[in-house]
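Welcome! Please have a look at the sequence and the fold shown here, and then follow along through a short tour.

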Amino acid sequence: MSNTKKQIRSERNIIDLCLQGSRWRHIDSEADIYNVIRNQHPDEHAKKDDIISTFAQSGSYRFKVRADMQNDGTYPWWLLLYSVSIDNEGNRDVLGLLVDIESEKRREEEVDKAKLTLQTGRRKEKFFKYVNQEIGFYLHNLLSRQSIVDIKRVISNINQYTVMQNGQLEYKNETIDVETIMRSVYEDYRQYIPDGVSYLFVPGAKKLIVDGDPAMIREIMNQFLCNAVKFLKPDNDDGQKGFITVGWQYDFTLREVQMFVEDNGCGLSEKEQATCFDGLWKGDEKKRGLGIGLSLVKHHAEAMGFQVMLFSEKGVGSRFEIRKIMTKTEA
């Protein structure tokens, strides 16, 4: 046996170990290659010629083929890996492997599904942990009006999250005057702004109309405001007075209405920005809350055709927006 053939067989033995548990076949001769060719899908005539042409010279080859190797009328995908070695006398050795990559793909999908199931279970466990913490906290602090408001929000979020998971949330589609709803949001939340924090209103253009569910838009903006209050910098440690701004503006180029809440609070890192809209995310585990508010925001906004935007810098502040192309109205 030539040194080349010994090397190829040695390499194949190593590959065999790596492929344990996979569906595969040895390629020991040209006859094995022709058997693959005979079982190829009828649409792969061009590839058959390409494979046959490799027998003319030494080298290593790799083809992705559809072949009915089980003779059951199906044509799964296989990876054909082989080497051709031609000695000085013209003798040809062909060695390789035929690996069922479709079953490997299914196996990977099953692993991914198992990982997702595990992740979902852990998320649910975390969710109920947060619920228990929140309910316990508020049951011991029901003397203040703020606590009553907070526990109502917790219960509302739990209900929304549960309904969202079941895909049963419904939305009303109404024509909404942006100025009217944003002024209402601003005034209604004034009573919850902490002392010493500047609460600002920045109106945009008048007569801007969008389609959406008024209750859900209020829910979104209230969530933005709730987070702005929650993540104010402790004791204004940089000497700067805290502020929260509510407003809207119109982008004439994009014809978009942009409704926003902005603050100079703790801000979010790039990593936090990438995950904050996922369910059960809390920027600070010690803070009150269930960690589902922003995931509800994203779900509500997208269901109504809005785009959610976040601009933030750690230690500087954040700006949360929902955007939508303005509804055309008759003159």
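## The open sheet

Two strands count as paired if DSSP finds at least two bridges between them. This is a predicted model, and in it four strands make up an open sheet, ordered E1-E4-E3-E2, with antiparallel pairing. Its edges are strand E1 (24–27) and strand E2 (59–66), each of which pairs on one side only. From one strand to the next, the twist averages 15°.

Let us look at one pairing in detail. Eight bridges link E2 to strand E3 (residues 77–86) in the antiparallel sense. Here Val65 stands opposite Trp78 in E3. Helix H3 (residues 45–53) packs on this sheet and touches E2 and E3; the direction of H3 makes about 160° with that of E2.

## Helix H2 and its buried side

Which residues of helix H2 (residues 30–38) are buried? They include Ile33, Val36 and Ile37. These residues lie on the same side of H2, because they cover an arc of only 100° around the axis.

The buried residues of H2 pack against several elements: E1, H3, E2, E3 and strand E4 (92–100).

## Gln40, between two helices

Gln40 sits in the loop between H2 and H3. Is Gln40 buried or exposed? Its relative accessible area is 3%, and because the cut-off for buried is under 20%, Gln40 counts as buried.

The side chain of Gln40 makes a polar contact with the side chain of Glu44, at 2.9 Å. Beyond its neighbours within four places in sequence, Gln40 is in contact with Lys47, Lys48, Ile51, Val65, Arg66, Ala67 and Tyr75. One of these, Val65, is the residue that stands opposite Trp78 in E3.

## Strand E9 and its partners

Strand E8 (residues 243–251) runs antiparallel to E9, and eight bridges join them. Asp251 has Glu256 in E9 as its bridge partner. The hairpin of E8 and E9 has four residues between the strands, and in it Arg255 takes a positive phi near 60°.

E9 also pairs with strand E11 (residues 317–325), again antiparallel and through eight bridges. In that pairing, Val261 has Phe320 in E11 as its bridge partner.

Definitions and conventions:
Residues numbered from 1 in each chain as written. Predicted model: local features only at pLDDT ≥ 70, side-chain atom pairs only at ≥ 80, totals over all residues. Heavy atoms only, no water. Axes fitted to C-alpha atoms, helices over the stretch in contact; angles between N-to-C directions. Contact = heavy atoms within 4.5 Å. Buried < 20%, exposed > 50% of the residue type's maximum accessible area, 1.4 Å probe, protein only. Arc of directions from axis to C-beta. Polar contact = N/O pair within 3.5 Å; in protein donor to acceptor, adjacent residues only side chain to side chain.
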